[in-house]
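Hi,

Here is the structure I promised to pass on.

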Amino acid sequence: MKLGASYFGSRHQEHVRRDMEAMAEAGCNSVVHTLSEEDMTYYPETMAEVVRVSKEAGLEVFLDPWGVGRAFGGEAFSEFVSKNPHCRQAITINGNGVGLGKACLNSQVFKDSMRDWIELAAGTGADGVFWDEPHLYYGELVPLFGKPQVVWACTCQTCQRLFLEEYRHEMPSDFNEEVKKFRQDTILRFIGSLCKAASGKGLRNALCIFPTLDPRYGVYEWEEAVKLEGLDVFGTDPYWLCFNKKMEDFVRDVSRTMVTLCAEHGREPQIWIQGFRVPAGREEEVGRAIKIAYGEGVRNIAVWSFQGSDCMSYLRSERPEVVWQKVSEAYRELKVKSHERQP
Ligand SMILES: [Zn+2]
């Protein structure tokens, strides 16, 4: 059984060591460390130290390309998009292409830079890599005059050319079935190539996609994602507070689907639990969500993030220490339960 949390609070080795020990004390045996563009540039050896002290605390370590190219989830800026404006995702507004602050997943330059990221990740001694929420932009424009308009990426030159090659006609301007499929294929081909490269370096691959089958979020046929070659762990993040859903139903339904799908394809299901922006008085939902995922058969559970996300005001829960206490109580309870089940 894997119980973990993500971490991005400090790059100071002694602080990280103390936090990793606190994490192990709370019942964790796994951690996801963020490895942003800033880390790649200014902290490469530091990240190897972070991985080392985490392992010394008894934790399995996965690394996350946090906000890299702003095409993955994460609260980190991207230098890639400013250095490579021709590799950005684009939307089309009234027939005009508009570049966004996100890298295009079909850009060869971006794919090459992800190879560098994998190289660095492998060099730290981490156990695996965590591909978190790879996405293409989607939005709805409501002009003061005229009709509301759906805008979606990616309509850059590269994507238009690939679409034409594949579908034998120009990319349509509306968000139709072909466009939905092309966007999903773009995300999955991108992740597939990263999985292959990472497995070749001895890293395990975990993928987390949005907890919805809504095509606006990119991947809407999960059975296409679970099959990706080289994928070990397949998961999603039913953050009920973000999606404004009832925790019990959301976590249970998504966990159940994930467990069934992963069993069919020999993958390990992973469920992420919301441990950020938790309002005061609702902390016990975090502990209950962990137990619901476990009850559905998930044996790889992680919380975003360590100590109720106390280190970042943008994500911090109202009472982060209470959130972490609930996580710790639930994790310790599950550890006892899983020991009892073993012969
Ligand atoms: Zn593109």
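**The zinc site**

The four donor atoms around the zinc ion make angles of 98 to 116 degrees, so the site is tetrahedral. Keep in mind as you read that this is a predicted model.

Which residues hold the zinc ion? The protein donors are Cys-104, Cys-154, Cys-156 and Cys-159, each through its SG atom, and they lie 2.1 to 2.3 Å from the metal. Along the chain, these donors follow the spacing C-x49-C-x1-C-x2-C. Are Cys-156 and Cys-159 buried or exposed? Cys-156 has a relative accessible area of 10%, so it is buried, as the limit for that is under 20%. Cys-159 is buried too, with a relative accessible area of 1%.

**The salt bridges**

Now for the charged residues. Side chains of opposite charge can pair when their charged atoms come close. How many salt bridges are there? The count comes to 27, and here are a few of them.

Start with Arg-17 and Glu-56, whose side chains meet in a salt bridge with an N to O distance of 2.9 Å. This pair links distant parts of the chain: Arg-17 is in helix 1 (residues 13-25) and Glu-56 is in helix 3 (residues 44-56), 39 residues apart. Arg-17 counts as partly exposed at 22% relative accessibility, and Glu-56 is partly exposed as well, at 48%.

Next, look at Arg-204 and Glu-60, which form a salt bridge with their closest N and O atoms 4.0 Å apart. Here the partners sit in strands: Arg-204 in strand 9 (residues 204-209) and Glu-60 in strand 3 (residues 60-64), 144 residues apart. Arg-204 is partly exposed, with a relative accessible area of 31%. Glu-60, on the other hand, has 15% relative accessibility and so counts as buried, because the limit is under 20%.

Then there is Glu-221, which forms a salt bridge with Lys-181; the closest N and O atoms are 3.4 Å apart. Glu-221 lies in the loop between strand 9 and helix 8 (222-226), while Lys-181 is in helix 7 (residues 177-200), so the pair ties together parts that are 40 residues apart in sequence. Both partners are partly exposed: Glu-221 at 24% relative accessibility and Lys-181 at 27%.

One last thing to find on your screen: salt bridges that share partners join Lys-2, Glu-60, Arg-204 and Glu-268 into one network.

Cheers

Terms used. Residues are numbered from 1 along each chain as its sequence is written. This is a predicted model: local features need pLDDT of at least 70, side-chain atom pairs count only at pLDDT 80 or more; totals for chains, interfaces and linings use all residues. Side-chain values use heavy atoms; hydrogens and water are left out. Helices (H or I, at least four residues) and strands (E, at least two) are DSSP runs, numbered from the N terminus. Buried means under 20% relative accessible area, exposed over 50%, partly exposed in between (1.4 Å probe, protein chains only). Donors are N, O and S atoms within 2.8 Å of the metal (3.2 Å for Na, K and Ca); water is not among the atoms, so sites may look incomplete. Four donors count as tetrahedral if all angles lie between 85 and 135 degrees; four count as square planar and six as octahedral if opposite donors are over 155 degrees apart and all others between 65 and 115; anything else is irregular.
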